[in-house]
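User: Can we walk through this model together? I'd like the strands, then the voids.
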Amino acid sequence: MRSADQQPAHPGDAEVPAEHEVPEDLRLAGEFPAVSREQWRDLVAGVLRKAGREQLPDPVEDALRRPVATGVSVGPLYTAEDAGELPATVGVPGLPPFVRGARAGAADGNAPGSWDIRQRHAHPDVAVTREAIAADLENGVTSLWLVLGEGAIPVGSLGEVLTDVLLDLAPVTVQGGEPAAEAFLGLVEGRGDLAPGGSLGLDPLGLHAASGQGQDLSGLAGFARRAAAHPGLRTVVVDATVYADAGASAVEELGCALAAGVAYLRALTDSADGGQGLSVDEAFGQLEFRFAASADQFTTIAGLRAARRLWDRVGEVSGASADVRGQRQHAVTSSVMTTRRDPWVNMLRTTVACFAAGVGGADAVTVQPFDAALGLPDAFSRRIARNTQSLLVEEGHLARVLDPAGGSWYVESLTESLARAAWAWFTEIEAAGGLAAALDSGLVADRIGTAWSTRSLRLASRTEAITGVSEFPNLTERLPERQPAAEVLPRGGLPRVRAAQEYEALRDRAEAAPGQARVYLATIGPIARHTARATFAANLFQAGGLDTPAGDGAGGLPGAGTTVACICGTDKDYAESAAALAAELRAAGATSVWLAGKPSLAVDGVDGYVYAGCDALDVLQRVHEQLGVPA
């Protein structure tokens, strides 16, 4: 006889057959034999050997590791042994070490709630900026980031720009040094008793890094004492995007941010020469950190978690109270990952980056418009930027759970690795005399330069792909026209780089050349045999702005409008006829012949080879020279 809970819920429902009843003690993998990591390694080794990898490392999974930051790489499999002692190093949201978030939940005690959706504005036309701000605040944006100064919003027009903005409902963070801070603080003081939140945005060390010119930190405490009269208003933004935009990996970005934060704590608490310094707790409350969020979502998630852990450690050593050690974080989608070419793909990149920032526990998030690398955004791109966040929060319900990645063996292991590597870099900066001294000596520039050079090799070989630029470029695209954006920070210090810059420069050169620069793809054999290599070669050459007409053999070369050809087929086809085809192509007018395959094929009459992992930028530059494309 069935128990009551096994009977049909309604008279018309069918009974559950006995063989389909769910046992009380359900073991999902109970009928499968237990497997070990060593067994998995044997399987991996077998697959790699079938792929031609005879010399394998020990452990074998190291063959599949990939770098994500200086001294930090990720493997293909993570288990509990990789995550270490989770309770001791992770904690819970809202309590030290704040790895799982600086907030325990929403003020009403219910769901955690959304992060702060912060939109950036820098248009020099006051009327345009006011209209854009109104549209943002009416459609989901919860705070503003205003860039003031030459070429951006005029400092003297700040009051006009914020005429209709209620600062207690829409906090404002300004950027523009002491003039911008003074203007905003004066505005807040003039409006009376408000709880404005936001920040004065002072970051003299960030300006030092960008300009190469040393800055005075002694005035920070004075601004902080005035800001303290307005609850929630902060004085300093530790803008780590300056280092990320110079090519830093997450390790350099976190380490430099930590060093800058410590330098600001010293300046804010300094009471030398009769000055009135802040207490340690007050100083901690005056800082906000700004980090870059990239499309490498797990590194972004782990990086934000690691940053909170490191800052908590600084607070612990400094004697700060636990309730002020939770790092306030503002995540901004990365400028380095943003492309000028095929800019619509940036919508996808920023969506992934925003997702990562939210999951990583950022308190405020700014999604840069997809056309940011082209100039000042228009109303459409701003709308897409803010709606990206609204969708993730309102439809994706991403903010309902605190630290949803917490407990993942992969994420916890990566958080630990980034924290340790960043702490080592931070201590190296401190040993060099602090961040200002490390900037002046070139230590920071050298370290970031090395990190960027390492990444540049991956970009050049396309092992790190840029969709729409180095992979699947669109040669017929029509780019949107945008008003040029002014340089916000002065030049002279750390460089500013973008991952796509070298490929985009080649595209620009090819398009500026007279006529259409082309490489003829000479295919061998049936389409099913040559498609893979022809597609690979087309992607590579098009990444440099080179059109790729194709044809069977050498017959199509005379009508292709080029003197450079690339043979595409299988290794078997190459052994049988590639040398003869190279000779036919030269007889038909080719001055240079390439082959889609590895150099080990050693085909007579071929000038170069294109293959997975080759230096694509070097190949493209050589082809440009062969075609006479002006440098």
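Analyst: Terms to begin with. Buried means under 20% relative accessible area, exposed over 50%, partly exposed in between (1.4 Å probe, protein chains only). Helices (H or I, at least four residues) and strands (E, at least two) are DSSP runs, numbered from the N terminus. This is a predicted model: local features need pLDDT of at least 70, side-chain atom pairs count only at pLDDT 80 or more, and totals for chains, interfaces and linings use all residues. Residues are numbered from 1 along each chain as its sequence is written, and side-chain values use heavy atoms, with hydrogens and water left out.

User: Which residues point which way?
Analyst: S592, W594 and A596 point one way, V593 and L595 the other. In a regular strand the side chains alternate between the two faces of the sheet.

User: What does strand 13 do with strand 14?
Analyst: Strand 13 (residues 564–568) pairs with strand 14 in the parallel sense, over 4 bridges. Pairing needs at least two DSSP bridges between the strands. V564 has S592 as its bridge partner.

User: And strand 15, how many bridges there?
Analyst: 3 bridges join strand 15 (residues 608–610) to strand 14, and the two run parallel. W594 stands opposite G608.

User: New topic. Where is L162, and is it buried or exposed?
Analyst: L162 is in the loop between helix 5 (158–161) and strand 5 (172–175). L162 is buried, with a relative accessible area of 0%.

User: What does L162 touch?
Analyst: Leaving out residues up to four places away in sequence, L162 touches L144, L146, L167, V172, F184, L187 and R191. Contact means heavy atoms within 4.5 Å.

User: Now voids. How many cavities of 30 Å³ or more?
Analyst: The whole structure has 3. On a 1 Å grid over the protein atoms alone, a cavity is a set of points where a 1.4 Å probe fits but cannot get out; a pocket is an open set with protein on both sides within 12 Å along at least five of seven lines; lining residues have an atom within 4 Å of a point. Grid points are joined across faces, edges and corners, and a volume is the space filled by probe spheres set on the points.

User: What volume has the second largest pocket?
Analyst: About 1,100 Å³. Of its 42 lining residues, V68, S294, D296, R455 and E464 are the closest to its centre. Helix 17 gives the largest share of the lining, 6 residues.
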